[in-house]
Amino acid sequence: MISHKTASSSGRSAKKSKRSGRRSPLATVSLIVVGLLTTGGAYALFTSTATADTNTASSTSQSQVNEGKKLFAANCATCHGMAASGSSAGPSLIGVGSAAVDFQVGTGRMPLAADGPQAEQKPVQFTNSQTQAMAAYIASLGTGPSEPASKYLKADGNAAKGAELFRINCAMCHNVAGAGGALTEGKFAPSLKGVSSKHIYEAMLTGPQNMPVFNDLNIKPQEKADIITYLKYLEKNPSPGGFQLGDLGPVSEGLFIWIFGLGAIVAVTVWLTARSN
Amino acid sequence: MGAAANYIDERTSISGLVKEVGRKIFPDHWSFMLGEVALYSFVVILLSGTFLTFFFQPSMAEVTYQGSYVPLKGIDMSAAMQSTLNISFDIRGGLLFRQIHHWAALLFIAAIGLHMLRIYFTGAFRKPRELNWFIGFVLFILALAEGFTGYSLPDDLLSGNGLRIIDGMVKGIPVIGVWISYLLFGGEFPGTAIVSRLYSLHIMLLPALLIAMLGAHLLLLVINKHTQWAGPGKTNDNVVGVPVMPVFAAKAGGFFFIVFGVIVLIASLFTINPIWNYGPYDPSPVSAGTQPDWYIGFADGALRLAPPHWEVVWGGYTVSFNILVPIVVLVGLLGTVAFYPFIEGWITGDKREHHILDRPRNAPTRTAVGAALMTLYAALWGAASSDLMATHFKLSIDQVIHVMQFLTVIGPFIAFWITKRVCLGLQKKDREIALHGHESGRIVRLPGGEYIEVHTPLTEYERWTLVSFNEYEPLMVRPNERGVVTPLERIRASISGFFFEDRISPVTKAEIEASHHESHGAIEEGSGGH
Amino acid sequence: MADHDDEAPATGSAVEKSEPQKISAGTAVIPTDPFENPGEPPHRLRITDKDPAEEKKAARQVSTLFFLSIIFSCLAVAAYIAFPIKEGDTGSIRLNNLFLGLGIALGLLSIGIGAVHWSKTLMPAQEITEMRHLTKGSDATRAKAAEVFELGNKESGFGRRSLIRNSLIGAMVAFVLPGVVIFRDLGPKVDPNVVLRHTLWKKGMHLTIDPTGTRIKASDVTLGSAFHVIPESLLKSDDLLEEKAKAAVLLMRLNPDDLHEPKGRENWQYNGIVAYSKICTHVGCPVALYEQQTHHLLCPCHQSTFDVTENCKVIFGPASRPLPQLPITVDADGYLVAQSDFHEPVGPSFWERDR
């Protein structure tokens, strides 16, 4: 994450000039406010443009950070260390940003239940405000990607663009319909069905576990919104052809035709040739 | 005789054909209907496919999609993909017919597979039907080719990656591979020719061959007459069943509508090959779980199972054993299937005609060989879904592959051994039943304090089914007229030994009589005690 | 052929009833005292044979099914009209597909079930026996056929006039040749072995994001990132797909300490940013599943696994060779560019690859 910072600071000027046309002055103001509130002082200069869009400005306060610190000490410090600087059991969380916390805790992946190839999704352990508190605490330790602005989460972008980006950047692991797929040695890319827009966005932004990071310079915030639009389109519009058999492709189709198709027809042949009473 | 019938007969002499075929007898058994399922699915494929050709454009010309499916609007794709999307989204019933066509194709090949298994395990391929088995095998290969060419036509991401794999395999063929790929694709992969070329094959050449072979297959079926199961009244010289007119015609005709109806029912309820999810072919993206349709799975699985680094450079030339070895395994498997009847006929030297089917247990080695080949096929087939097994059973994909590699190599031997033991066990049980009757579950106590179970004797009809089967003994090598034992004869003798060394003979009349005396006495004693 | 059992009476076993001619039974065991075939078991009458009321009921059921079929077929036509496709509404297609399909399916099934029910309950159930005869023609027929051939041979002189025969065989072989040669132009004239070695990449070619074609600043590639990359000139190329099939690249940034670059290639990466061909060296699927913690690349088609830290050598699966690396650097403005083309052919192996 250290190189993340350096990389983004040097890339900042170019990005800003490219985007200035699209962004309202308010966003720039809020950017500065966010920077000041979350990290204070000099850190604001390093605020990555990759994480510029955020809605945490209004919700972060010192008391929240304090509550988050307590929760962290009680639930996370065993692995991540009292100062969140990591131990042999868990990585340092300094600079991972609030988006990572919201994703990992908000989807129930953290706290980790058991050692395995990768952290599994489980029932969420904390209330939303507790998660936000921990996110605020982690964000106060070092700058990192923060939670996305709600305007990117409305699923009202360009689904066609999103679908194309999804096929290029995501489908090889998550399958073209977002049904998930296998990785090496027991790891897997989870199904994206029913995952909230915010968590999808945060996953792209932070690259949880073995997922690569897709920062805002690789896939721009609006492009991320397009991807979310596409995934939500698939959820809202079930296949016109009927039941989807898990969207797993030819394997489930083959199993279906052998078991149910041919099975039904063999049953018919038995009836057909049985002696009538 | 109606005027119409008269009109036709005066111009075709069809009355002879009706007389000949009209009352032909077909034995009635569910397992004899499987080939019909394949035939009927094929008819459905022809009907639905013709409808699709009215709308499909076999062209790779680049167009920008402006159709009604929102998540593809404005995307560049081939005319083939666009027209397939239009069939799916803009033509009423178009999606239904696409799904009918594809589901029927899956059912077609599945039915062929099951039909072949039935023929194999009952020995229906024996003289005089060896040639028809081979024709059937050719039909199976043609069906696979039809399936693969059709699967590739929409030019979507999934089928494009399938072609990519074919291209990679072809390139791995020594000496000529690159050139074959070049000619096939009309230049570099993917080119702009492959869809229209596959289309020609898919709708003209392959169906023509298929129909010709199908004609030969059915003609031989009529000439050879159908086989039948052993049973009372059934001999090698007769065929017992229902006549074509009217009973079989009504059943088979009705069955066509049922098969058609089941396919349409599936097509109206279940999505197949949602190409709109896959998007147009592009060499850079790929989907997790990229698999071929089920019938090509065994070939894809074979490719997955090669261990790393099976490639050598000899004298500057690259030899890809990671592709050649799977190809050799596949060709070996299919070749064994294609020529099995000739191999078995050579081993037994039996030149008689066989019209009575073997129960699988009564040919233990054949059944076991079949089980071994099925296990090999199943392991290769399973390997093609190794990634889905890993995600769905929470396993490591590496472990799944290792298990499949083990099953591919060792599995057939295990299956052979188990199946043979099971067959011999069942044969022993049959012998017991033939000799002593069914276990009645009634226990009686003998005067000596001994308990025995009373057996109900078999009826004549039941016994006939159990005792009437073929038995072969291992071949003894003998010198020929010139007094020499040829090496070929030695090979034949050793395979014959492998086939027939362990065997259970059918019960003989003498044995039945002997056992009757014995058990009769025992029961009498038993009942005397009460 | 096993002639050891010639003396065995080829009268057939209990199953194989006697055949008039001597046909070798091979190694089959012929029982000496075969069982007698007991003949057909007695015929059992159906309820529709015995009870006229039942028969009437069955007849009613059959005709009801056929009438139902008419109704379902009409409903299918009605569904075609009643459920039109609305532009952009997949739900309307779903309804069209479902109800049209159900109408057709039920119409077909009713005919089928009706016909089968008819045959099972109302048509005669008594099985009939038909005799078989040997498949081969009778001796007289075979003699006649042989005679025809003989006569044909004699009258044409096919066997006798060897010059005619042999020249005809030669002609028959030769006439196929043009039919084979004519397929040469299925592929263009260029030698594929040359074409396969070159991609669009060359010195100074910018790396750009697939599909937008945006140039990539080295500083934008943060640690753990994966970029799907195409050469800048690709979008202007005439053979877009063919070139993309060779030039697609995956760009990743690792901690430079994790990379173990072989001698001579230390400068092919830039600050831990490495670019590898996306085309699998096995059979050519795109290898794009990058695990940012283990630094493994997995091919979703056949599960070949490559270790990015070890120059993408194969650590699992059927592939044999490492993925080819694209040497990269930055231009004066910090944008990533290629140092050269790949140094070896990308994609699946082929015969003359290492020539």
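## Helix α6 of chain A

In this predicted model, helix α6 of chain A is mostly covered, with 11 of its 14 residues buried. The buried residues form a run from Thr131(A), Gln132(A), Ala133(A) and Met134(A) through Ala135(A), Ala136(A), Tyr137(A) and Ile138(A) to Ala139(A), Ser140(A) and Leu141(A).

The helix covers residues 128-141 of chain A, and its end C-alpha atoms are 20 Å apart. That distance agrees with expectation, because 14 residues at 1.5 Å a residue should span 20 Å.

## Packing of α3 against α6 in chain A

Helix α3 of chain A, residues 62-75, meets α6(A) with the two axes coming within 7 Å and crossing at roughly 95°. The two helices are therefore roughly perpendicular, as crossing angles of 65 to 115 degrees are counted in that class.

On the side of α3(A), the contact is made by Gln64(A), Val65(A), Glu67(A), Gly68(A), Lys69(A), Leu71(A) and Phe72(A). The contributors from α6(A) include Gln130(A), Met134(A) and Tyr137(A). By class, this contact has eight nonpolar, five polar and two charged residues.

## Annotated segments of chain A

An unreviewed UniProt entry places the feature "domain: Cytochrome c" at residues 63-142 and 157-235 of chain A. Over residues 63-142 of chain A, the span is 51% helix and 0% strand, and its end C-alpha atoms lie 18 Å apart. Residues 157-235 of chain A are 51% helix and 5% strand, with end C-alpha atoms 15 Å apart.

## A helix pair in chain B

In chain B, helix α13 (residues 321-348) packs with helix α14 (residues 364-383) at an angle of about 170°, and their axes are 11 Å apart. The pair is therefore roughly antiparallel, the class given to angles over 145 degrees.

Leu333(B), Thr336(B), Val337(B) and Glu344(B) represent α13(B) in the contact, while Arg366(B), Leu373(B), Leu376(B) and Tyr377(B) represent α14(B). These residues divide into five nonpolar, one polar and two charged.

## The contact between chains A and B

The contact between the chains takes 48 residues from chain A and 56 residues from chain B. On the side of chain B that touches chain A, at least two residues each come from α5 (94-121), α7 (157-171), α10 (244-269), α11 (275-278), α15 (386-392) and α16 (397-436) of chain B. The residues of this side of chain B comprise 35 nonpolar, 15 polar and six charged.

Methods:
Residues numbered from 1 in each chain as written. Chains lettered and ligands numbered in written order. Predicted model: local features only at pLDDT ≥ 70, side-chain atom pairs only at ≥ 80, totals over all residues. Contact = placed C-beta atoms within 7 Å. Helix = DSSP H or I, 4+ residues; strand = E, 2+ residues; numbered from the N terminus. Nonpolar A, V, L, I, M, F, W, Y, C, P; charged D, E, K, R; others polar. UniProt positions renumbered as here; feature names shortened; annotations may be inferred. Axes fitted to C-alpha atoms, helices over the stretch in contact; angles between N-to-C directions. Parallel < 35°, antiparallel > 145°, perpendicular 65-115°, else oblique. Expected span 1.5 Å × (residues − 1). Buried ≥ 20, exposed ≤ 12 C-beta atoms within 10 Å, placed from the backbone.
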